[in-house]
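Me: Could you take a close look at the nonpolar core and the aromatic rings for me? Keep it chatty, but give me the cut-offs.

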Amino acid sequence: MPSEDHPSLRSHLTLALCTILHAFTHAYGTLLVPLYLLMQRDLNLKGVGYASFIVTIYGLVTCIFSYPAGILADRFNRKALLGIGLLGNAVAICLMALTHNYSLLILFGILAGLSGTLFHPAANALIPEHYPRNPGMAIGLLGIGSGIGFYAGPQFAGWRAESAHWTFSHISNWQRPLLESGLAGLLSGILFLFIAREVKDRHARLAYENTPSRKPAPSRSPTVAVPTLVSPSSRSALAAPPAGRVSPPTGKQLAKKISLLAAVIGCRDFAGLATLSLASIYLQKAHHLDARRTGFILGSMMLVSIFINPVAVWLSPGRRRLPTLATIMILAGFVVATTPLWPVTTVLYALCLFMTFQLGSYAVSDAAILERVPPHVRGRVVGILLTIAGTFSATSPWVMGFWTDRLGARAYTVEAYFPIFITLGFMMLIAATSMPLIAALGPPVAGAIAPLTETSPATMEPVA
């Protein structure tokens, strides 16, 4: 069977470009967060919950359709899916900047979510296949894009909403960053389609796996329905694991394990996204900061993940992976629960510390999971995780808006936010119990990685 064990220059370019697409995906999902109060006033909305609901719709649609997107990623050209996804996302963001109709904003949020849903299943399947010997570190480097996006989205939105003064039609101050970032995304999507590439031998490999000689021999046993997660040809390739190796779960068994894992680790996803929206409301109401200052703090608290994602993967090879994941989730829960105790002059440090642990856990958990599942089902595995965990977490912006709206006049006091932050801290502790569920997926498909031999982020080669 053809193989591509040694990544080329185009592999590195594809990884870099996917990282940029990752940044745009998360930047678009967080652009509106520091703009909630500006939108509420401009659109005459009854509460912050109406503004945060647009972000919720975006996230819900992105996650609900992740499994179909995973099927597409496992069957079709993933480079094309990624480019089309960014272009569609950028167009929807531009359209948001051109209307003051709340119903249309909801519609464009749905369109943006449908486009954004293509990224994670396609990228998380494409990039590890470019680096078959080093999938963990490849995922860690891809995770840099989330940090850039989470940083740039709120930072750029808050800054441009306050400082941009150009006029076009009836565009309001909160819409200017949307149009500017949308146009940038269109250009990046076009460049991606021209420069990035699919794995060279992917179509040959798929054709090889689907040849009649690869199909399982007829059996006299009763007919059993073929699991949807793994095709018959792929399942036959896993039927006889090498001696000394424990076979990873396949088909419906794997789908059930991933679904249960997603339900537990989804508490981590909810707490992280909720903290972003809650911090925006908390800083502007309880501490009376403007959109620009709030956007700076929200963006800065995400900046650390640019470095922490690859570093966390590099420092947690082999048997260290899961203990490291549990530890950083527990630490993140403790920090977020204590956020209201920090004065406004130092709250940025608390939020940065929380996001260091919280976002670092994504890279470590993604590496731990994707190392344990076969390459040909990674798109669908990511799809299941996002459909369950992501859909749950996508409700958090609206939940935070609704909860803080219910506080009434108390929303302008620090003490009112203690129960909310403590709840999010407790959810991080629940997510830390997901370690046995990840371990139950089996050993890493590529073999266990010994401590201190994780791939170097700089060279993508194993450390001697």
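Reply:

**Core and rings**

Leaving aside neighbours within four places in sequence, L82 touches C18, L21, L118, F119, A122, A123, L126 and F192, where contact means heavy atoms within 4.5 Å. Bear in mind that this is a predicted model, where local features need pLDDT of at least 70, side-chain atom pairs count only at pLDDT 80 or more, and totals for chains, interfaces and linings use all residues. Residues are numbered from 1 along each chain as its sequence is written, and side-chain values use heavy atoms, with hydrogens and water left out.

L82 is also among the residues with the most contacts inside the largest nonpolar core, along with L35, W174 and Y417; that core has 133 residues. Helix 13 (residues 251-285) gives the most to it, with 16 residues. A core here is a set of buried Ala, Val, Leu, Ile, Met, Phe, Trp, Tyr and Cys residues joined through side-chain atoms within 4.5 Å. Buried is under 20% relative accessible area, exposed over 50%, partly exposed in between (1.4 Å probe, protein chains only).

Now the rings: the whole structure has 7 aromatic pairs. Y50 and Y102 sit edge-to-face, 6.3 Å centre to centre with 65 degrees between the planes. Rings of Phe, Tyr and Trp (its six-membered ring) pair if their centres lie within 6.5 Å; planes under 30 degrees apart are stacked, over 60 edge-to-face, the rest tilted. Y50 is partly exposed at 38%, and Y102 is partly exposed at 23%. Y282 and F421 are edge-to-face too, with centres 5.5 Å apart and planes at 80 degrees. Y282 is buried at 1%, as is F421 at 0%. Ring pairs join Y282, Y417 and F421 into a cluster.

Conventions:
Helix = DSSP H or I, 4+ residues; strand = E, 2+ residues; numbered from the N terminus.
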